[in-house]
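This briefing covers the fold, the core and the confidence of one protein model.

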Amino acid sequence: FNWRVEEAFLFVSGSFPWTNVLEFIRGADPKLMGNLAGVLEDHPYVLIEAHCNRLGGSLFPAEIAVSRVGLTSGREYGFFFRDITL
């Protein structure tokens, strides 16, 4: 993680509270991951817009780029969050 992620999600360095990326995205569930995985079978990345959960319960709008990472055939994904409040 970098300082911009810490700033956007309002947590102190080294104290990241969530264990699953779906906890970042308001209303996300395993079905969303299935849909993203399906799109990523044919495309190098996908962009979505969603509201994200900050520490303490507030929300912020974000653009989220999702891509497959690594050279293995496993399902590993990179998520890049950009605060689009402004």
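Helices (H or I, at least four residues) and strands (E, at least two) are DSSP runs, numbered from the N terminus. By that count the protein has two helices and three strands, and along the sequence they follow the pattern α-α-β-β-β. This is a predicted model, in which local features need pLDDT of at least 70 and side-chain atom pairs count only at pLDDT 80 or more, while totals for chains, interfaces and linings use all residues. Residues are numbered from 1 along each chain as its sequence is written, and side-chain values use heavy atoms, with hydrogens and water left out.

**Confidence**
- The mean pLDDT (the predictor's confidence in each residue, from 0 to 100) is 84, and 85% of the residues score at least 70.

**Burial and contacts**
- Of the 86 residues, 31% are buried, meaning under 20% relative accessible area (1.4 Å probe, protein chains only).
- Contact means heavy atoms within 4.5 Å; of the contacts between residues at least 6 apart in sequence, 40% join residues at least 24 apart.

**Nonpolar core**
- A nonpolar core is a set of buried Ala, Val, Leu, Ile, Met, Phe, Trp, Tyr and Cys residues joined through side-chain atoms within 4.5 Å.
- The largest one has 21 residues, of which Phe-9, Leu-36, Ile-64, Val-66, Tyr-77 and Phe-79 touch the most other members.
- At least two residues of this core come from each of α1 (3-9), α2 (30-40), β1 (45-53), β2 (59-68) and β3 (77-83).
- Leaving aside residues up to four places away in sequence, Leu-36 touches Val-46, Ile-48, Val-66 and Phe-79.

Definitions and conventions. Buried means under 20% relative accessible area, exposed over 50%, partly exposed in between (1.4 Å probe, protein chains only).
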